[in-house]
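Welcome! Please have a look at the structure first, then try each task before reading on.

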Amino acid sequence: MVVDPSQAGMIAVGAGIAVGLAGIGAGMGEQAIGAAAVGAMAEDEKFFGKGLLMTVIPESIAIFGLVVALILLFVF
Amino acid sequence: MGNTVKYAYIVARVRAMKSKLIPKEMYPKFLNMEIPEITRFIGESEYKNDVEELGKKYSGTDLFEHALNQNLALTYRKLIEVSQNEANLLITEYLRSWDIWNIKTIIRGKFSGAKEEEILEDLVSAGQLGYRDLLEIIKVGTVEGVIAALEGTPYYPALEGFKGNLAEIENNLDRTYYSNIIKAAEDTGNKLFLKFLRTEIDLKNLKMLFRMKRAGMERDEITKLLIPGGMELKANDLARLSSLTFPEFVRALEEYSYWEAIADISNEFTSLINIETRLDKYGLVYASRISYYYPLSVLPILDYILSKKIEVDNLRMIVRGKETTLPEEIIKAHLVM
């Protein structure tokens, strides 16, 4: 597909917004989970594995944002 | 979002602490053990450090008693230290009940001429009055001196004007505690905390009503001892219940949700212990239930505070009961589980 320079700029902005907003969303999700994981770990170190796993689950949202950004940049 | 993050850390920590409490299935096993076996079990549990630390100074049931009290105080202090903002304020206010407990214990001790060590045995420095403050207060010889030593604390207004009536100042202390804590809760606007407190006041008033009714006290004397601010038992309910005879009072209780706690023993209201244990259990189950309804709030913390206190009370009851060779059924009747 041929895109003119102004469209290329808009695609880049769209990709940036996708990654940025997804990152903010993931961060918002992680802050409570991270706090809870640290709290549980402070009492019992055995919660390290579970805590880490739970904390990175919202990270998938950031990956979705990245995928959308890559599609925008390389498919169009 | 704000509240979720605010309570996430402390609630996760408290839940992890709660998982380390002694499971209720253990209590019947304790009843079959001897005191040294129970002390050994406790010495290998969460109470390990306290038993080891105090083992050089005390032995037998005294060691047990001191280790339980020290652990309870340290656990509650830890909650204050690891919490922040609103949670910290509410926990601090709630744990002031231990200041009230300690002041009452010291005054009672001084009133009856108990030794300093004997008074010290029953103190739990989990409130705002630290262990050293309490030691200083104990050294004062008279009740009046103790009251003077408390000048400048929030408890002094309840104590000043003491004219030798112990019940009156104890009642004043309770009322001051609840009016202060309700004010603090209203200032923060935390409705869940208020709901929990108001239910606690109801249960306390119910216990008081049962005791007073059984003792055949007059309405005016009873109403003076009740604490205002309950959830279901409002001022007019308390006034009505106070004026009824014991059988009428029991029938009138059927209107309230607390009846479910004691309904199954309604034919045997001869034992106050059974009633009080049931009401304590109701409070424990209620705290646990609402803490699951609102998992990221102050309620799981209050649920833990209550559960920890009941664990210590149960252990103390078992050991003291065994020491005085009480029959197993009587010890069991006192256990909240």
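**Exercise 1: Salt bridges between the chains**

Task: Find how many salt bridges cross the interface of chain B and chain A.

Solution. Step 1: the rule finds 3 salt bridges across this interface, a salt bridge being a side-chain nitrogen of Lys or Arg within 4 Å of a carboxyl oxygen of Asp or Glu. This is a predicted model, in which local features need pLDDT of at least 70 and side-chain atom pairs count only at pLDDT 80 or more, while totals for chains, interfaces and linings use all residues. Residues are numbered from 1 along each chain as its sequence is written, chains are lettered from A and ligands numbered from 1 in the order in which they are written, and side-chain values use heavy atoms, with hydrogens and water left out.

Step 1: A:E43 pairs with B:K20 in a salt bridge, their closest N and O atoms being 3.8 Å apart. A:E43 also meets B:R13 in a salt bridge, at 2.8 Å from N to O.

Step 2: over all chains, the count comes to 19 salt bridges.

**Exercise 2: The size of the contact**

Task: Work out how many residues each chain brings to the contact, and what area is buried.

Solution. Step 1: chain B and chain A each supply 11 residues, where contact means heavy atoms within 4.5 Å.

Step 1: together the two chains bury about 920 Å², 69% of it on carbon and sulfur atoms. Buried area is the accessible area (1.4 Å probe) lost by two parts on being put together, summed over both.

**Exercise 3: The second largest pocket**

Task: Describe the volume and lining of the second largest pocket.

Solution. Step 1: its volume is about 440 Å³. A pocket is an open set of points on a 1 Å grid where a 1.4 Å probe fits, with protein on both sides within 12 Å along at least five of seven lines; lining residues have an atom within 4 Å of a point.

Step 1: 22 residues line this pocket, and those closest to its centre are B:E46, B:Y47, B:N71, B:T75 and B:K308.

Step 2: helix 5 of chain B gives the largest share of the lining, 4 residues.

Terms used: Points joined across faces, edges and corners; volume = space filled by probe spheres on them. Helix = DSSP H or I, 4+ residues; strand = E, 2+ residues; numbered from the N terminus.
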